[in-house]
Amino acid sequence: GELLQQLRDLIDGSGESRYSIAKETRISQSQLCKLMAGTAGLSIEAAERLLDHFGYEIQLRKRPKQKRL
């Protein structure tokens, strides 16, 4: 989804090696490669570690109710 694409964009734009990101976030390099290739997602915990690494956080907000037909 959108969150995974945003994570890919952060990783690509960071200028950091995937090895460095993996080491600092405790996410395996193979998992990062799968994320970047679009062949796997991440757990919420792993996504939070990546976001924290780049200075972001997940924030929940309630959607407006949609009218049912």
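Helix axes are taken here as lines fitted to C-alpha atoms over the stretch in contact, and the angles between them run from 0 to 180 degrees between N-to-C directions. Helices are DSSP runs of H or I of at least four residues and strands are runs of E of at least two, numbered from the N terminus. The model is a predicted one, in which local features need pLDDT of at least 70 and side-chain atom pairs count only at pLDDT 80 or more, while totals for chains, interfaces and linings use all residues. Residues are numbered from 1 along each chain as its sequence is written, and side-chain values use heavy atoms, with hydrogens and water left out.

The protein chain contains four helices and zero strands, and its elements run α-α-α-α from the N terminus on. Its radius of gyration, taken over C-alpha atoms, is 14 Å, well over the 11 Å that the globule rule (2.2 Å times the number of residues to the power 0.38) gives for 69 residues, so the chain is more spread out than a compact globule. The C-alpha trace spans about 50 × 25 × 20 Å along its principal axes. Of the 69 residues, 25% are buried, where buried means under 20% relative accessible area, exposed over 50% and partly exposed in between, with a 1.4 Å probe and protein chains only. Among contacts (heavy atoms within 4.5 Å) between residues at least 6 apart in sequence, 50% join residues at least 24 apart.

Two helix pairs were examined. The axes of helix α1 (residues 2-14) and α3 come within 9 Å and cross at roughly 115 degrees; the two helices are therefore roughly perpendicular to each other, on a scale that takes angles under 35 degrees as roughly parallel, over 145 as roughly antiparallel, 65 to 115 as roughly perpendicular and the rest as oblique.

Helix α2 (residues 18-25) packs against helix α4 (residues 44-53) at an angle of about 110 degrees, with the axes 10 Å apart, which makes α2 roughly perpendicular to α4. This crossing is right-handed. Ile21, Glu24 and Thr25 of α2 are in contact with Arg49, Leu50 and His53 of α4, and these residues divide into two nonpolar, two polar and two charged.

Leucine 50, in helix α4, counts as buried because its relative accessibility is 0%. Apart from residues up to four places away in sequence, leucine 50 touches Leu7, Ile11, Ile21, Thr25, Ile27, Leu32, Leu35 and Leu42. Alanine 22, in helix α2, is likewise buried at 8% relative accessibility; leaving aside neighbours within four places in sequence, alanine 22 contacts Ile27, Ser28, Gln29 and Leu32. Arginine 26, in the loop between α2 and α3 (29-37), is by contrast exposed at 64% relative accessibility. Most residues other than glycine have a negative phi, but phi of arginine 26 is near 60 degrees, a positive value.

Methods
Left-handed = near helix turned anticlockwise from the far one by under 90°. Nonpolar A, V, L, I, M, F, W, Y, C, P; charged D, E, K, R; others polar.
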